[in-house]
Amino acid sequence: VSTQSTGEMVKRSADLLLEESFIDTVKRIYNELKEKSADFVCSAKLNELLDLLGLDERLAPAVKYVQDKLCPDTDVLESSSPVEALQAYGIVWNEIWETLKSWSHDKLCTTKLQDLLDILGFPDALDGAVEMAQNTICGILSVEKRSAEVDFLLESSFIETIKRIYNQLKEYGTDFVCGAKIHELLDLLGVDDRLDSAVKYVQDKLCAEQEALMMRNAQSEALEAYGIIWSEIWETLKS
């Protein structure tokens, strides 16, 4: 899983869960206020209800929306529509999501819910939203972590296979290996066509080393031959 695709997955999850988390929070506020008398809820000021619920002003539109639902016949100067309440809640949800998303996998996924609420400074009324975000992000990060582990094992296995092929082919000598066709080397090694690229890679490495060695030998021989001429010139002029 690439970083980009993981980031897109996280964003899509956040957008999909926003409404679900909002509905869950509204239901919770609704159930809590419904336990109080209708006279109290319908006559209470918004800040009184926020204090009662242990919520701050960020959730005022959601509380106002629930109050309007519980008190449909009450004359109110201001009301809160579902859209307005959802938009306001979206700010709270985004804060929860972005904060948790910035944490490491181990920190986020091993921290208890109550500790998360304390660290984030959120009231218990938001434990459903925080838990939803925690579980979702941990699920995504776990997929990413497993993918990274698989990639690491793949690379380790590839290196191990290359070493094994290299050591086997080296025993046959570069003259044979460099002149052989790939299917001949595959038969010799007892592997099928799926590993032809790996075998070709090793063949190229061995033959490049042989070519480099031959080039170094040729350079050395040329230098030695030139040394004889140079010595002859030097000694003649020196005399």
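Start with the whole protein chain, coloured by secondary structure. Read along the sequence, the pattern is α-α-α-α-α-α-α-α-α-α-α. That makes 11 helices and zero strands. Here helices (H or I, at least four residues) and strands (E, at least two) are DSSP runs, numbered from the N terminus.

This is a predicted model, in which local features need pLDDT of at least 70 and side-chain atom pairs count only at pLDDT 80 or more, while totals for chains, interfaces and linings use all residues. Residues are numbered from 1 along each chain as its sequence is written, and side-chain values use heavy atoms, with hydrogens and water left out.

**Stop 1: the surface**

Keep the protein chain selected and show its surface. The chain exposes about 15,700 Å², and carbon and sulfur atoms supply 54% of that area. Accessible areas come from the Shrake-Rupley method with a 1.4 Å probe. Of the 239 residues, 31% count as buried. Buried means under 20% relative accessible area, exposed means over 50%, and partly exposed lies in between (1.4 Å probe, protein chains only).

Now switch to contacts (heavy atoms within 4.5 Å). Take those in the chain with a separation of 6 or more: residues 24 or more positions apart account for 60% of them.

**Stop 2: Ser21**

Select Ser21, in helix α1 (residues 3-34). Is Ser21 buried or exposed? Ser21 is buried, because its relative accessible area is 0%. Leave out residues up to four places away in sequence, and Ser21 touches Tyr89, Trp93, Ala129 and Met132.

**Stop 3: Asn47**

Move to helix α3 (residues 46-53), where you will find Asn47. With a relative accessible area of 44%, Asn47 is partly exposed. Asn47 and Lys64 sit 17 residues apart in sequence, and their C-alpha atoms are 9.9 Å apart in space.

**Stop 4: α4 against α5**

Select helix α4 (residues 60-70) together with helix α5 (residues 82-101). They pack at an angle of about 150 degrees, with axes 8 Å apart. Axes are lines fitted to C-alpha atoms, for helices over the stretch in contact, and angles run from 0 to 180 degrees between N-to-C directions. So α4 and α5 are roughly antiparallel to each other (the label for angles over 145 degrees).

Which residues make the contact? From α4, show Pro61, Ala62 and Tyr65; from α5, show Pro82, Glu84, Ala85 and Ala88. Colour them by type: six are nonpolar, none is polar and one is charged. Ala, Val, Leu, Ile, Met, Phe, Trp, Tyr, Cys and Pro count as nonpolar, Asp, Glu, Lys and Arg as charged, and the others, Gly among them, as polar.

Key: Angles under 35 degrees count as roughly parallel, over 145 as roughly antiparallel, 65 to 115 as roughly perpendicular and the rest as oblique.
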